[in-house]
Amino acid sequence: MRVALVVNRASGGGTDPGPLERAMREHGAQVTTCGCEPADLERLPAADPERIVVAGGDGTVGSVAELAGRLDVPLGVVPAGTANDFVRANGLPLDPVAAAVLAVTGSELRRLELGRLGDGRPFVNVASAGLASVAARRAAPLKPRLGALAYGVGALRAAATASPLRCAVRIDDATVFEGGAWQVILAVTGAFGGGSAVGAADPEDGVLDVAVIPAGSRLGLARRAWGLKRHTIAGQRGVEHHRGHVIAVDVPPGTEFNADGEVRDAGLERVTVERDAYALVAGG
């Protein structure tokens, strides 16, 4: 089997592809390794891979998943980020070498959807505006020391200091929310922030789940945080939960948001979903 291994060497404090390459070759794979920059991905089809394996954080997974879908080859995912929410959401091995072996030997495939921001960027977990983006920025400098715990510390700091986001949410051209919100979450797998999730989200159903946490007292945020950690936020009283194919979130110009762990400032004006976008190697 010809395997293209895409490695984000900066993920998780530094990813060494050597052990991954050896493990895959021991199971009969012919491995070609490349980086994750756009130029690297543009050259990858020339290798004519039969399977693509990505070792990186969730932000890297989205770009490589899009490419795997375009080439119509299965995608294997090796956890190499800080929180590895995508791997956890899909029940993949958390040990990188075990994940690499599954990526080349597994035969169980799951056809998953891919979210897409207005600027074309894909995402596999969530795009979230409000407290999540503030928490992500506060967590970034803490990741080298705290790992996944950085997300919790960032969230606590965000909850103590951030203000509600003024926004309007339209789903399939119908306005479903307008006003102040602590957070607006557009979910594919629904996983983010080192263990939080919109548990109602299904990455195989071809629609985006949208959870809106309206503004309220800071004391009430503890209950919302518990709902996110328990993956029950979509069912909490006062939280709005909707589903749709085309989502528009109107926010003040320059508003930052979090997409698969990366902070961005453009693309919420039109968010879409592509069903059966790629095939994930999900089991043996």
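Student: In which loop is D119 found?
Tutor: This is a predicted model, where local features need pLDDT of at least 70, side-chain atom pairs count only at pLDDT 80 or more, and totals for chains, interfaces and linings use all residues. Residues are numbered from 1 along each chain as its sequence is written, and side-chain values use heavy atoms, with hydrogens and water left out. Helices (H or I, at least four residues) and strands (E, at least two) are DSSP runs numbered from the N terminus. D119 is found in the loop between strand 5 (108-116) and strand 6.

Student: Is D119 buried, partly exposed or exposed?
Tutor: Buried means under 20% relative accessible area, exposed over 50%, and partly exposed in between, with a 1.4 Å probe and protein chains only. D119 has a relative accessible area of 41%, so its class is partly exposed.

Student: Which residues does D119 contact, leaving aside its neighbours within four places in sequence?
Tutor: D119 and E269 are 150 residues apart in sequence, yet their C-alpha atoms are 9.0 Å apart in space. A contact means heavy atoms within 4.5 Å. By that test, the partners of D119 are A266, G267 and E269.

Student: What share of the chain's contacts between residues at least 6 apart in sequence join residues at least 24 apart?
Tutor: The chain has nine helices and 17 strands, and buried residues make up 52% of its 284 residues. Among its contacts between residues at least 6 apart in sequence, the share that joins residues at least 24 apart is 71%.

Student: Which element gives the largest share of the lining of the second largest pocket?
Tutor: The second largest pocket is lined by 20 residues, and C36, E37, P38, L41 and S63 lie nearest its centre. Helix 2 (38-43), helix 3 (58-71) and strand 16 (262-264) each supply at least two lining residues. The largest share is six residues, and it comes from helix 3.

Student: Which residue follows helix 3?
Tutor: In helix 3, the buried residues are D58, G59, T60, V61, G62, V64, A65, L67 and A68. The residue after helix 3 has a positive phi, near 60°, and is D72.

Student: How many cavities of 30 Å³ or more are there?
Tutor: On a 1 Å grid over the protein atoms alone, a cavity is a set of points where a 1.4 Å probe fits but cannot get out; a pocket is an open set with protein on both sides within 12 Å along at least five of seven lines; and lining residues have an atom within 4 Å of a point. Grid points are joined across faces, edges and corners, and a volume is the space filled by probe spheres set on the points. The count of cavities of 30 Å³ or more comes to two.

Student: Which elements give two or more residues to the lining of the largest cavity?
Tutor: About 40 Å³ of space lies in the largest cavity. Its lining residues are G59, L117, P122, F123, A259, D260, E262 and R264. The elements that give two or more of them are strand 6 (122-123) and strand 16.

Student: Which element gives the largest share of the lining of the second largest cavity?
Tutor: The second largest cavity holds about 30 Å³ of space, and G76, V77, L92, P93, A99, L102, A103 and V281 line it. Strand 4 (75-79) and helix 5 (96-105) give two or more residues to this lining. The largest share, three residues, comes from helix 5.
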